[in-house]
Amino acid sequence: MSLSWLRLALAVVMFSGLLPPPAAGQAPPNLALARVRYNSLKTSARPDGALKVQIDEIDRQIAEATRFGRTGELRRLLAKGTTLLSGRDWTDLDDFSQSLVLRTDQLFIDAAAAYRVRLEQIYAPSLALTAPLTVRALVRPLLSQPAGLPEVYEVGSFTGVSRDLRESPLAMDLDLSAAFNGPHTLEVEVHDEARQIGRVALRVWVQKGMTERLAALEAAAKTLPAGPRASVRYPADYISKVNRGLVEMGTFDLGRELNAAEAVASAASRAVDPFAERRGDFKRHHLLPSAGEILPYRVYVPKAYDGTRAAPLVVALHGLGATEDSFFDAYGRNLPRLAEERGYLVVAPLGYRVDGFYGSGIGAMIDPAAERTRQLSEQDVMAVLMRMREDYKVDDRRVYLLGHSMGAIGAWHLAAKYPERWAAVAAFAGTGPPASVARMKDIPQFVVHGDADPTVSVSGSRGMVAEMRKLGVDVRYIEVPGGNHIDVVVPHLDGAFDFFDTHAKGTPATRR
């Protein structure tokens with residue numbers, strides 16, 4: 001696999017509106033996303049002169065830090081490069097602030113006892129410190145609070161703090177008992193005598209009674225079949241992953257997830273299938289045994305679906321940094337509309353992690369953990385497809401893949417690896433190795449890319465389409481003049497479904 005292909009794959013990103021919020025302390029911001037932000041900004045800024053000299057040196061240091069696995073230094077360099085490319089100077093105060101991180105054993109808090117958090121550093125900053133530090137901890141609710149409560153309040157103050165927080169982290173016991181249910185930002189300010197020299201934030205969730213509700217769900221799950229059991233156990237499983245630093249909190253709404261799990265448990269306890277009669281847009285879950293985790297997937301079932309006739313199915317793959325929700329909540333919510341109008345089942349898997357790439361070969365992975373993520377991402381998609389075929393009457397002649405960005409890369413990988421499964425593919429702003437086309441030459445393709453895409457070069461789709469045409473693949477290619485990485489999807493989603501309407505396995509391309 002060429003280095004140019006690796007760079008292209010690492011450059012894939014979903015648009016900023018779908019990126020996760022600043023990360024939890026024990027799960028620092030996704031490194032692949034940090035690379036993408038930096039590389040995309042570098043492509044757009046086209047640095048020259050003195051700035052180019054600085055960026056070239058940062059790139060050299062990034063390559064060295066990557067080669068030796070110095071992740072903390074890599075985060076520092078990406079933050080520095082992003083700051084410079086944004087037209088701002090990188091100062092010693094920036095360097096110090098970027099070194100700070102908050103770590104804790106739990107981000108979801110019942111608030112019945114003191115909440116312990118550690119202030120640490122991930123690298124040695126350049127700022128010269130001559131006096132002991134002081135630290136102030138604040139809580140800022142992210143939702144509207146009852147009248148009369150402050151918008152931000154102090155929950156701890158500490159003096160005589162070590163100047164080297166790598167060697168001597170600061171353990172803080174904070175009282176969050178006054179916080180209302182919901183998300184909050186825990187903000188920690190670091191002061192050197194009279195000046196503030198750094199700030200770090202951690203998103204936490206306070207939920208009174210959480211411990212008892214989770215215990216009741218776990219007890220209920222033990223008596224349920226595998227299908228509803230996964231949905232009942234999902235909140236506890238997700239909380240455990242966040243607390244262990246395996247995933248970021250993201251947009252997870254604990255109150256809503258607890259209510260949903262309790263509703264499934266109540267229905268299942270009455271021997272009622274909680275999903276059998278559901279129509280429209282909703283969330284389901286499954287246990288992926290190879291990962292040992294419960295994973296979500298989002299489903300759309302048209303109102304007219306009654307299980308007597310086989311329905312076409314679209315498997316929608318999100319872009320880097322997004323989740324199973326993106327194709328439902330973003331893109332103008334056009335995918336659910338099209339599914340309802342055209343009578344399609346739609347399923348959007350998570351793909352194990354937001355940066356899983358659905359198993360696509362993005363070069364020799366840097367470490368075994370990344371390779372495992374890649375493999376589990378593919379397994380998640382295929383397991384969800386199997387679940388959909390078990391739970392709904394799916395027309396196996398009309399199962400389609402649709403993806404944007406990383407999702408398009410994944411769609412081409414899965415089409416080449418399992419060509420017998422798919423009736424057609426729609427790939428937006430993707431890229432792939434042209435050598436893979438021979439393995440999917442019998443799968444019709446609908447391909448869209450903007451010729452001004454700063455994130456994934458249009459050359460990626462051009463190369464794939466050229467090979468498709470060489471091999472006689474049924475392909476429709478739309479290259480959007482001036483189109484970027486984002487704006488090419490919504491105007492052409494209807495066209496993708498038009499393409500799906502006219503293509504089924506084993507039949508001529510005729511409009512339905």
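Modeller: With handedness: a crossing is left-handed if the near helix is turned anticlockwise from the far one by less than a right angle, and right-handed if clockwise. This model is predicted. In it, helices α7 and α8 cross in the left-handed sense.

Biologist: At what angle do α7 and α8 pack?

Modeller: Helix α7 (residues 226–243) and helix α8 (residues 254–269) make an angle of about 155 degrees, and their axes are 8 Å apart. Angles over 145 degrees count as roughly antiparallel, so α7 and α8 are roughly antiparallel to each other.

Biologist: Which residues make the contact?

Modeller: From α7, they include Pro-228, Val-232 and Ile-239; from α8, they include Leu-254, Leu-258 and Val-264. By class, the contact has eleven nonpolar, one polar and one charged residues.

Biologist: What is the strand order in the open sheet of eight strands?

Modeller: The order is β9-β10-β12-β11-β13-β14-β15-β16, and the pairing is mixed. Strands β9 (280–288) and β16 (475–480) are the edges, each pairing on one side only. From one strand to the next, the twist averages 20 degrees. Helix α7 packs on this sheet, touching β9 and β10.

Biologist: How many bridges join β13 to β14?

Modeller: Five, and the two strands run parallel. One of the pairs is His-404 with Phe-428 of β14.

Biologist: Is Glu-378 buried or exposed?

Modeller: Buried means under 20% relative accessible area. Glu-378, in helix α11, has 7%, so Glu-378 is buried. Among the residues that Glu-378 touches are Tyr-358, His-413 and Lys-417.

Conventions. Residues are numbered from 1 along each chain as its sequence is written. This is a predicted model: local features need pLDDT of at least 70, side-chain atom pairs count only at pLDDT 80 or more; totals for chains, interfaces and linings use all residues. Side-chain values use heavy atoms; hydrogens and water are left out. Axes are lines fitted to C-alpha atoms, for helices over the stretch in contact, and angles run from 0 to 180 degrees between N-to-C directions. Helices (H or I, at least four residues) and strands (E, at least two) are DSSP runs, numbered from the N terminus. Angles under 35 degrees count as roughly parallel, over 145 as roughly antiparallel, 65 to 115 as roughly perpendicular and the rest as oblique. Contact means heavy atoms within 4.5 Å. Ala, Val, Leu, Ile, Met, Phe, Trp, Tyr, Cys and Pro count as nonpolar, Asp, Glu, Lys and Arg as charged, and the others, Gly among them, as polar. Buried means under 20% relative accessible area, exposed over 50%, partly exposed in between (1.4 Å probe, protein chains only). Two strands pair if DSSP finds at least two bridges between them. Lists of a residue's contacts leave out its neighbours within four places in sequence.
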